[in-house]
Amino acid sequence: MNTITIHIPDDRLVKLQETASRLGVSIEELVLMGVEQLLKQPEASFQNAMGYVLKKNAELYKRLA
């Protein structure tokens, strides 16, 4: 496992602490959850776009089959 050091403004740290406390997790866990969510976004965006195209063209696909 690797370690990353970041510099954040004091007001952001306070918000992170409050949010982590409210969720019952450490700040590190909260930040890691955010990073994981960010890394999943491109995949989710692709899945959403693919679903839209398939739904939109469903009738065409039926006629071509």
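**View 1. Helix H1, end to end.** In this predicted model, H1 is built from 14 residues. From its first C-alpha to its last, H1 reaches 20 Å, close to the 20 Å you'd expect at 1.5 Å a residue. Take a look just after H1, too: Gly 24 sits there with a positive phi of about 75°.

**View 2. Where H1 crosses H2.** A pair of packed helices can be described by the angle and the distance between their axes. For H1 (residues 10-23) and H2 (residues 27-56), the axes come within 9 Å and cross at roughly 95°. That's why H1 counts as roughly perpendicular to H2.

**View 3. Who touches whom in the H1 and H2 contact.** On the H1 side you'll find Leu 13, Leu 16, Gln 17, Thr 19, Ala 20 and Leu 23. They meet Ile 27, Leu 30 and Val 31 from H2. Sort the residues of this contact and you get seven nonpolar, two polar and no charged.

**View 4. Stepping back to the whole chain.** The protein has three helices and zero strands, so its radius of gyration of 20 Å, well over the 11 Å the globule rule gives for 65 residues, makes it more spread out than a compact globule. Along the principal axes, the C-alpha atoms fill a box of roughly 60 × 25 × 20 Å.

Technical notes. Residues are numbered from 1 along each chain as its sequence is written. This is a predicted model: local features need pLDDT of at least 70, side-chain atom pairs count only at pLDDT 80 or more; totals for chains, interfaces and linings use all residues. Side-chain values use heavy atoms; hydrogens and water are left out. Axes are lines fitted to C-alpha atoms, for helices over the stretch in contact, and angles run from 0 to 180 degrees between N-to-C directions. Helices (H or I, at least four residues) and strands (E, at least two) are DSSP runs, numbered from the N terminus. Angles under 35 degrees count as roughly parallel, over 145 as roughly antiparallel, 65 to 115 as roughly perpendicular and the rest as oblique. Contact means heavy atoms within 4.5 Å. Ala, Val, Leu, Ile, Met, Phe, Trp, Tyr, Cys and Pro count as nonpolar, Asp, Glu, Lys and Arg as charged, and the others, Gly among them, as polar. The expected span of a helix is 1.5 Å times one less than its number of residues. The radius of gyration is taken over C-alpha atoms; the globule rule is 2.2 Å times the number of residues to the power 0.38.
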